[in-house]
Amino acid sequence: MVSKSDLIEIRWHGRGGQGAVTSAELLAKAAIDEGKFAQAFPAFGPERRGAPVVAFDRIDSTKPIRLRAEIREPDVVIVLDPTLLSVVKVTAGLKPGGILIINTRKDFAEIEKDFGKDWKLALVDANTIAREILGVTIVNTTMLGALLKAMPVVKMESLVEPIKERFDRIAEKNINVVKRAFAETKVKE
Amino acid sequence: MGKRVGIEVSLAIAEAAKMADVDVIAAYPITPQTHIVEHMAEIVANGDLDAEYIPVESEHSAMSACLGSSATGARTFTATAGQGLELMHEVLYVASAMRLPIVMAVANRALSSPLNVWGDQSDLMAVRDVGWIQIICENGQEAFDHTICSFRIAEDNRVLLPVMVHCDGFYLTHVVEPIEFPTQEEVTNFIPKFKYPLPLDTSKPVSMGCFAPTFIYTEAKKAQEVNILNSKKIIQEHWDAFGKAFGRYYHPVESYRTEGAKTLLLTLGSFGETAMTAVDKMRDEGKSVGLLKLRLWRPFPYQELRKAVGNAENLIVVDRALSFGGCGGPAYSEVRSALYSEKNHPKVVGFVAGLGGRDITVTEFENMVKRAPQIANTGAENEYEMFGVRE
């Protein structure tokens with residue numbers, strides 16, 4: 001929507017309670033700590049546990065963000081929950097050549113069968129990583145690691161302080177899932 | 001040196017009230033204000049602020065408790081939204097008439113029915129005439145700054161009026177964004193604890209807000225009106241002092257790229273930022289468009305507005321509230337009225353847009369600029385329309 005800028009617009013898809021809003025917030029805080037300009041906000045709709053939800057990030061490394069509306073044409077879409085793929089059109093408005101990051105066990109060929117080849121795909125089995133490290137399949141921080149692999153919007157170390165502030169005793173485990181997801185995410189150009 | 005923090009705007013407002021070292025908070029939670037008062041309660045419960053948090057059973061009680069606490073000279077803060085502001089409506093008049101320097105953050109929201117909790121300025125417009133100073137914020141930094149600065153304005157002995165700091169629900173309150181925090185020392189120096197001139201005090205009894213029969217009521221109201229009108233220059237004085245102390249300067253009407261602009265948009269609140277981006281885009285395309293942002297809603301800045309409008313040919317006022325059966329959106333009606341006596345006033349066109357939290361994008365501001373001349377030239381009975389209605 002806005003040309004001539006370093007603006008990156010990200011849309012998170014999750015289900016209520018999975019922490020999509022928290023992911024968006026952690027990312028914006030990390031970007032702001034790096035001196036960048038950023039916004040994180042939830043979709044302004046009813047909030048119900050288990051129902052599909054979206055959250056948004058805007059990050060601009062050079063200038064203040066002067067937009068107060070939902071993101072309609074994101075550069076990046078992140079899907080926390082594979083069961084959403086058949087429920088929500090997650091690629092709606094995704095810019096041609098944009099990045100689609102999915103928590104899934106499927107491979108590129110299977111995902112391309114459903115979503116075509118218009119997007120740069122990044123896939124990770126976040127459920128397994130989260131289950132093994134956190135003991136629960138809450139994948140919001142795991143998917144931050146996948147994002148950084150697909151697009152280095154912030155430095156990984158910048159996430160450490162926001163994660164510590166948010167998760168306190170379980171911060172270290174959440175930092176570990178970010179690192180492991182970064183290592184295991186497969187990115188197809 | 002302060003620090004730059006990525007924080008949800010609601011929490012930043014609560015942090016501002018904490019840095020203002022408020023003595024009493026009386027509030028009732030309501031979306032989209034909830035995070036402000038939750039965080040305020042947390043701050044007090046954690047012992048990070050020596051204050052009384054009064055958990056009341058309604059907004060009517062919240063404002064009533066604020067009256068009592070403020071009348072004793074305690075620095076008093078509250079926050080509300082939408083229906084909550086409506087429920088405290090009658091008490092708002094008492095606060096201003098009794099000259100109580102309460103500061104209240106309002107997370108602007110739509111009014112029922114149908115139930116809608118999202119960003120809208122219908123609540124703001126419904127309290128237009130309650131005698132409070134009213135400041136409308138465009139982003140999180142302004143919400144933080146005006147929460148702090150408003151104590152200094154409210155508590156000035158020449159003013160002694162309550163202040164509402166309006167922040168669009170969700171569009172501001174629920175966004176994490178960068179906010180510059182000053183140090184505690186800087187804030188304390190800027191708003192030292194004040195002494196209310198005539199507080200409730202059992203050792204020196206006073207009577208406040210008592211009975212006024214016909215022979216004196218008009219004079220009391222005239223005094224109140226003179227008081228709020230006179231506050232305008234004092235508000236600017238304190239905003240200038242704020243600018244000197246913190247580097248961010250505020251004015252009753254802000255102009256953006258208005259030089260030589262034939263068409264001006266005028267917005268209130270969070271519309272302003274998206275409209276700035278729209279103006280940038282239109283200017284790049286060679287269109288003669290600028291933007292005015294109304295920051296001070298009460299007292300209304302007539303002179304500043306007239307000056308800012310200058311020689312523009314078209315003025316488009318965008319309201320996020322509707323005046324049912326009236327002469328257009330509330331801000332539109334007032335702006336048009338303020339310009340009527342000017343010899344060369346612009347054609348004023350009004351749009352009511354973004355009700356109940358509906359997004360207004362850059363493209364939609366561009367469409368308003370395209371649509372406005374058509375409305376202006378037809379000379380319709382009411383030169384405004386509800387924008388983007390599906391019919």
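# A tour of the contact between chains A and B

Across the interface of chain A and chain B, 9 residue pairs are in polar contact, both residues of each pair at pLDDT 80 or more. The model is a predicted one, and the tour starts at this interface.

**Stop 1: the chain A side.** Select helix H1 (20–33) and strand S2 (37–42) of chain A; each of them supplies at least two residues of the side that touches chain B. S2(A) gives the most to that side, with 6 residues.

**Stop 2: the whole interface.** Now show both sides together. Chain A puts 25 residues into the contact and chain B puts in 27 residues. Between them the two chains bury about 2,200 Å², with 57% of this area on carbon and sulfur atoms. The size of an interface is often given as the accessible area lost when the parts come together.

**Stop 3: a salt bridge.** The rule finds 3 salt bridges across the interface of chain A and chain B.

**Stop 4: B:Thr274.** Go to helix H10 (residues 271–284) of chain B, where B:Thr274 is placed. Is B:Thr274 buried or exposed? Its relative accessibility is 1%, so B:Thr274 counts as buried. Leaving aside neighbours within four places in sequence, B:Thr274 is in contact with A:Arg66, A:Leu67 and A:Arg68 from chain A, and with B:Ile360, B:Thr361, B:Val362 and B:Phe365 from chain B.

Stop 5: Centre on B:Ile133 and show what it touches, not counting residues up to four places away in sequence: among them are B:Ile153, B:Val159, B:Leu161, B:Met164, B:Ile228 and B:Leu296. The list for B:Ile133 also includes B:Ser231 and B:Arg298. In soluble globular proteins, nonpolar side chains tend to be buried together.

**Stop 6: two cis peptide bonds.** Move to the loop between strand S5 (103–108) and helix H6 (122–126) of chain B, which holds B:Ser113. B:Pro114 is also placed in the loop between S5 and H6 of chain B. The peptide bond from B:Ser112 to B:Ser113 is cis, with omega near 0°. The bond from B:Ser113 to B:Pro114 is cis as well, with omega near -5°.

**Stop 7: two residues with positive phi.** Select A:Asp168, in the loop between helix H5 (160–167) and helix H6 (171–184) of chain A. A:Asp168 is not a glycine, yet its phi is positive, at about 50°. Its relative accessibility is 60%, so A:Asp168 counts as exposed. Then select B:Phe170, in the loop between strand S7 (163–168) and strand S8 (176–181) of chain B. The phi of B:Phe170 is near 65°, a positive value in a residue other than glycine. At 4% relative accessibility, B:Phe170 counts as buried.

Key
Residues are numbered from 1 along each chain as its sequence is written. Chains are lettered from A and ligands numbered from 1 in the order in which they are written. This is a predicted model: local features need pLDDT of at least 70, side-chain atom pairs count only at pLDDT 80 or more; totals for chains, interfaces and linings use all residues. Side-chain values use heavy atoms; hydrogens and water are left out. Helices (H or I, at least four residues) and strands (E, at least two) are DSSP runs, numbered from the N terminus. Buried means under 20% relative accessible area, exposed over 50%, partly exposed in between (1.4 Å probe, protein chains only). Contact means heavy atoms within 4.5 Å. Buried area is the accessible area (1.4 Å probe) that two parts lose on being put together, summed over both. A salt bridge is a side-chain nitrogen of Lys or Arg within 4 Å of a carboxyl oxygen of Asp or Glu. A polar contact is a pair of N or O atoms within 3.5 Å; within protein, one must be able to donate a hydrogen and the other to accept it, and residues adjacent in sequence count only if both atoms are side-chain atoms.
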